[in-house]
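Please read these notes with the structure open beside you. Take the points in order.

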Amino acid sequence: MKTCLECSEKIVGREDKKFCSDGCRNAYNNKINKDSTNYMRNINNKLRKNYRVLCELNVEGKSKTTRTKLMSKGFDFDFFTNILNTKTGNTYYFLYDQGYMHLDNDYYVLVKKDI
């Protein structure tokens with residue numbers, strides 16, 4: 001006899017079922033995937049905010065903007081997901097597939113990776 005991973009009720013149906021209902025499946029996955037601490041939640045919120053700002057300003061896949069414009073939209077330069085150093089010596093900071101590189105006079109080029 002198999003029991004539900006969330007509520008431990010008896011499971012009726014297919015042999016490979018793990019949950020007794022969609023509600024239990026959703027509750028179980030929400031518990032597993034939630035941010036475990038406020039610190040993690042705050043960092044993830046900042047990453048999401050930065051990503052939304054880059055998406056908003058970089059609709060075409062490549063564009064230019066200023067530091068002032070990024071900061072006015074709430075962009076935080078301390079939070080990014082990875083760094084790409086090119087062969088030519090340029091450094092791009094990425095938030096998932098959206099990236100930026102500092103140019104002269106507080107201008108930034110925004111790019112999008114093809115994934």
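1. In which strand does Thr65 lie? Thr65 belongs to strand S1, which covers residues 62–66. Helices (H or I, at least four residues) and strands (E, at least two) are DSSP runs, numbered from the N terminus.

2. A word on the source. This is a predicted model, where local features need pLDDT of at least 70, side-chain atom pairs count only at pLDDT 80 or more, and totals for chains, interfaces and linings use all residues. Residues are numbered from 1 along each chain as its sequence is written, and side-chain values use heavy atoms, with hydrogens and water left out.

3. Is Thr65 buried or exposed? Thr65 counts as buried, because its relative accessibility is 6%. The cut-offs are these: buried is under 20% relative accessible area, exposed is over 50%, and partly exposed is in between (1.4 Å probe, protein chains only).

4. Next, the neighbours of Thr65. Leaving out residues up to four places away in sequence, Thr65 touches Leu57, Leu70, Asp106, Tyr107, Tyr108 and Leu110. Contact here means heavy atoms within 4.5 Å.

5. Follow one of those contacts, Asp106. Asp106 sits in the loop between strand S4 (98–102) and strand S5 (107–112). Asp106 is partly exposed, because its relative accessibility is 42%. With the sequence neighbours up to four places away set aside, Asp106 touches Thr65, Thr66 and Arg67.

6. How many salt bridges does a search of the whole structure find? The search finds 5. A salt bridge is a side-chain nitrogen of Lys or Arg within 4 Å of a carboxyl oxygen of Asp or Glu. Side chains of opposite charge can pair when their charged atoms come close.

7. One of the bridges joins Asp16 and Arg14, at 2.9 Å from N to O. Arg14 counts as exposed, with 58% relative accessibility.

8. Another joins Arg25 and Asp22, at 3.1 Å from N to O. Why is about one helical turn between Arg25 and Asp22? They are 3 residues apart in helix H1 (residues 22–33), so about one helical turn separates them. Arg25 is partly exposed at 34%, whereas Asp22 is exposed at 52%.

9. Glu56 and Lys73 also form a salt bridge, at 2.7 Å from N to O. This pair links distant parts of the chain, 17 residues apart: Glu56 is in helix H2 (residues 38–57), and Lys73 is in the loop between helix H3 (67–72) and strand S2 (82–85). Glu56 is partly exposed at 48% relative accessibility. Lys73 is partly exposed too, at 28%.
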